[in-house]
Amino acid sequence: MKGEKNPSLIAIDWGTSRFRAYLVSGNGEVLSEKASEEGMAHVQRGKFGQVLLARCGEWLEQYRNIPVLMAGMVGSRNGWKEAPYVRCPASEGDIKAAVQRIEISPGRTGGIMPGLIHHDAGVADVIRGEETKILGAETGDGVIVLPGTHCKWAVMAGGYVSSFHSYMTGEFYGLLRSQSVLRLLAQEPEDRTGFARGLASAQREGGLLNQAFEARTAVLDNQMRAEQVGPFLSGLLIAHEIIGAARRSDAQGRLKVVAQGVLAQNYEEALKHFGFDADVLSPRQCFVNGMLRLVPDWLK
C-alpha cells in the first residue's frame, strides 16, 4: 500500500467519549476525516453498526474493497466485540494475528484491534488503542511517551513492545482541579510560570501529597498567584510521573512524545527539566501509520 495516493484504509479510533474516522491513503495521508461525540459510553448495545454506517456510510459505499480497521474501547468488554489483549512482549505480527473479525454490514467484514497487557511483579497493566500509536511512531529501540488522561510509557526493544506502564496523571489533575479544596483557589486566565514551579517542587522533600498542598499555602502566603495554581499542579504531577516512569523504563537519550498543543509543550518542557530530549510526534499521524502497519492479510 505504500506510495499510493488512493484510499487504502478506513481507520477508526473509537474511544470512550469520541468517535474518529480517517480515510487514509497507502502512504499515510489522511484524505478525509469524520468525528462525533458517539464514543463507546454513548452508544447503546447493538447500535455500534448503526453509528458506523451513519458516520462512514458514504465511504463504505464508495470504497467497497478497502479494509475497515477499528481500535480503542470499541474492542473492550463493553464495546462492539471484545478483542482479547495480547501479552507483552508483543510484535507487530502478534498484534495483527489477534485482530478480531466483525461484520459491519451485510457482506462487509471489518477488524477490531486487540490492545496489549503487560505484567510487572504480578501486577497487570493494559493498553487499548495506544498500541497503534506506539507502532506508528516507527521508532527503533527506545521509549515512547503517550500523554493523556492515563499516560503510557512504552518500551520498544528488538521490534517488540516489550513493556509499558500507565500513569493517571491527567485524571489526577482533573480531580484536584474540580473536586479538591484547590479548586477554590485556581483562577483563569492561567499563568504558565506556575508550571516551572511545579516541576521544581516535585524535587523537594515531602512527597506528592505534601507538595500538592503548596498550591494552597503559597497562595495564602502571597508567594504564588491564583492564576499559577493550575499550571503548578500540572507541572507537579507530570514531574512525579517522569521521576517514576523514567526509572522503571530505563529511559535514556531522546524520547518520542506522542502529543500536540499545550500537552506536548508541557511534556517537552518537563522532560528537558529532567535532562531528556524529546521528539514530539503527531497523535493522528502515529495512529494512521500504526493502523496501516497492522491491517491483517485476511482484511486486505
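A nonpolar core is here a set of buried Ala, Val, Leu, Ile, Met, Phe, Trp, Tyr and Cys residues joined through side-chain atoms within 4.5 Å. In this predicted model, the largest such core contains 36 residues. Val145, Trp153, Val229, Leu255 and Leu271 are the members that touch the most other members. At least two residues of this core come from each of strand 11 (142-146), strand 12 (151-157) and strand 14 (254-258), and likewise from each of helix 5 (193-201), helix 7 (214-220), helix 8 (229-249) and helix 9 (261-273). The greatest contribution to this core is that of helix 8, which gives nine residues.

Leucine 271 illustrates the contacts of one of these members. With residues up to four places away in sequence left out, leucine 271 touches Trp153, Ile242, Leu255, Val257, Phe276 and Ala278.

Along the principal axes, the C-alpha atoms fill a box of roughly 70 × 40 × 40 Å. Of the 300 residues, 51% are buried. Among contacts with a separation of 6 or more, 63% are between residues 24 or more positions apart.

Positive side chains number 33 and negative side chains 33, and the centres of the two sets are 4 Å apart.

A further position examined is isoleucine 112, located in strand 8 (residues 108-112). Isoleucine 112 has a relative accessibility of 0% and therefore counts as buried, the cut-off being under 20%. Beyond residues up to four places away in sequence, isoleucine 112 touches Leu69, Met70, Val74, Gly75, Trp80, Lys81, Ala83, Val99, Gln100 and Ile102. The C-alpha atoms of isoleucine 112 and glutamate 82 lie 8.4 Å apart, with the two residues 30 apart in sequence.

Terms used. Residues are numbered from 1 along each chain as its sequence is written. This is a predicted model: local features need pLDDT of at least 70, side-chain atom pairs count only at pLDDT 80 or more; totals for chains, interfaces and linings use all residues. Side-chain values use heavy atoms; hydrogens and water are left out. Buried means under 20% relative accessible area, exposed over 50%, partly exposed in between (1.4 Å probe, protein chains only). Contact means heavy atoms within 4.5 Å. Lys and Arg count as positive and Asp and Glu as negative; His and the chain ends are not counted. The place of a charge is taken as NZ of Lys, CZ of Arg, CG of Asp or CD of Glu. Helices (H or I, at least four residues) and strands (E, at least two) are DSSP runs, numbered from the N terminus.
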